[in-house]
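Q: I have not looked at this one before. Can you walk me through it?

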Amino acid sequence: MKKLALSLCALASLLTSCSSDDDNTTSQQQIVTPVSYSFERNGESSVSFGGQTTRIAMAGELISALKVETNTEAQLDGMFAHVEGNADFSDADLNASDKSIRSKVAASKDYFSANATLSATIKSDFDLWIEDQATNVFPNWSTIASAGNAGQLQQAGGGSLRYINAKGFELNQLVAKGLIGGLMTDQILNNYLSPAVLDEASNIENNDNDVVEEGKSYTTMEHKWDEAFGYLYGAEADASMPVLGADSFLNEYIERLESDEDFAGIAQTVFNAFKLGRAAIVAKNYTVRDAQAEIIKENISKIPAVRAVHYLQAGKVKLAENDMASAFHQLSEGFGFIYSLQFTRQPNSSTPYFTNAEVMAYINELSQGNGFWDVTPETLDTISEEIAARFNFTVEAAN
């Protein structure tokens, strides 16, 4: 991992001259984007995203807990749907928090405020994966898995043990990769970067007049943008200059794309857009702000798509080698990323790259019969090709 380095050329491109959006004026506003994500008001930082850092930490503990067979379903449910004051986590600050993971899954304003039924269905999917782990996988922790029977499998060559359900799904991977879409991606793209949230009520007027939230150093609009930023960078030791790989969610996987020569540059593009968009809010230029939001939506949406194809293809290779434990591990990650595709956002539109119905058709296809025990290379190739085509990259590029 290495710091995101800004070249002199990139720095120059961030010094942008823009017209004021104020009515009946021709004044020029120069938007100067700092090298780091650092913004102040009256000598105090105006950047705040503590709630996002908290939920990332909660999700990290939940994923770890899904691999401890002595945990009960009630304990896992408590971590997913935390209630303030309950001792669900090892971190006392998390226990004291009024935040929870479940409350923000499939909860964006754009996609789910008018579709409570779908939101509840998606939340239920996570509940069922957690229940399956606790009631079927944990009791068979020491049993050798087989088609239709939960248990463990060891990767070839004395590798890692993988714990799977009756269909070969590694459920902790489904939850982890599903949260990348259902929590992080949905909240960034379809909630906090949405004009419906940024411009809600008197947000524009207050931002234009530097009216801050009570007792805070930031306007509501600034804070909403920062909360989007926090779901990607909130686990960083210094989010103002991220190094990436700070968590096992979006932050890790944007680094994975950055390290692939076919997608190199994505991390810098997203970071620059977050900075310039935030600077545009300070400058009261909402045209520039919205243009940066579209850049972020397009590029973050690529992450689950590229990784879904990557893992489906890696799983196909392991199936051919008859290394079922490795294959099921890879396919489970792919499954979770496919699930996350319904939370993506096509730029300059109000729709995802794949609808819930399209995603669930893939999920149902992978779940037929004995699931991964029965899946064919042809099925994996077809799904891979369709995802890659929708996002305009090749299957080979994602390998």
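This is a predicted model: local features need pLDDT of at least 70, side-chain atom pairs count only at pLDDT 80 or more; totals for chains, interfaces and linings use all residues.

A: Helix α11 (residues 250–258) packs with helix α13 (residues 286–320) at an angle of about 70°, and their axes are 10 Å apart.

Q: Are α11 and α13 roughly parallel or roughly perpendicular to each other?

A: Roughly perpendicular. An angle from 65 to 115 degrees counts as that, and the angle here is about 70°.

Q: Which residues in α11 and α13 meet?

A: On the α11 side they are Leu250, Tyr253, Ile254, Arg256 and Leu257. On the α13 side they are Ile300, Lys302, Ile303, Val306, Arg307 and Tyr311. The residues of this contact divide into eight nonpolar, three charged and no polar.

Q: How many residues of α11 are buried?

A: Seven of the nine, so α11 is largely enclosed by the rest of the structure. The buried residues are Leu250, Asn251, Glu252, Tyr253, Ile254, Glu255 and Leu257.

Q: What covers the buried residues of α11?

A: The cover includes α13, along with α7, α10 (220–233), α12 (266–282) and α14 (324–340).

Q: Let's step back. How many helices and strands does the protein chain have?

A: The protein chain has 17 helices and six strands.

Q: And what is the radius of gyration of the protein chain?

A: It is 22 Å. A compact globule with 399 residues would have a value near 21 Å, so the two agree. Along its principal axes, the C-alpha trace spans about 70 × 50 × 40 Å.

Q: What share of the residues in the protein chain is buried?

A: Buried residues are 54% of the 399. The chain exposes about 16100 Å², and carbon and sulfur atoms supply 47% of that area.

Q: Among contacts between residues at least 6 apart in sequence, what percentage join residues at least 24 apart?

A: That figure is 67% for the protein chain.

Q: Back to helices. Which residues of α3 are buried?

A: In helix α3 (residues 73–80), the buried residues are Leu76, Gly78, Met79 and Phe80. Their cover includes α2 (50–65), α6 (116–137) and α7 (171–192).

Q: What is Tyr192 in contact with, leaving aside its neighbours within four places in sequence?

A: Its contacts are Gln52, Lys104, Gln187, Val197, Leu198, Lys224, Glu227, Ala228 and Tyr231.

Q: What separates the C-alpha atoms of Tyr192 and Met324?

A: They are separated by 41 Å, and the two residues are 132 residues apart along the chain.

Q: Now loops. Where does Ala201 lie?

A: Ala201 is in the loop between α8 (195–198) and α9 (203–208). Ala201 is exposed, with a relative accessible area of 78%. Its phi is near 55°, which is a positive value in a residue other than glycine.

Q: What about Asn322: what is its phi?

A: The phi of Asn322 is positive, about 60°, although Asn322 is not a glycine. Asn322 sits in the loop between α13 and α14 and counts as exposed, at 61% relative accessibility.

Q: Last one. Is Ser113 buried or exposed?

A: Exposed, with a relative accessible area of 57%. Ser113 lies in the loop between α5 (109–112) and α6.

Note on methods
Residues are numbered from 1 along each chain as its sequence is written. Side-chain values use heavy atoms; hydrogens and water are left out. Axes are lines fitted to C-alpha atoms, for helices over the stretch in contact, and angles run from 0 to 180 degrees between N-to-C directions. Helices (H or I, at least four residues) and strands (E, at least two) are DSSP runs, numbered from the N terminus. Angles under 35 degrees count as roughly parallel, over 145 as roughly antiparallel, 65 to 115 as roughly perpendicular and the rest as oblique. Contact means heavy atoms within 4.5 Å. Ala, Val, Leu, Ile, Met, Phe, Trp, Tyr, Cys and Pro count as nonpolar, Asp, Glu, Lys and Arg as charged, and the others, Gly among them, as polar. The radius of gyration is taken over C-alpha atoms; the globule rule is 2.2 Å times the number of residues to the power 0.38. Buried means under 20% relative accessible area, exposed over 50%, partly exposed in between (1.4 Å probe, protein chains only). Accessible areas come from the Shrake-Rupley method with a 1.4 Å probe; for residues, only the protein chains shown count as cover.
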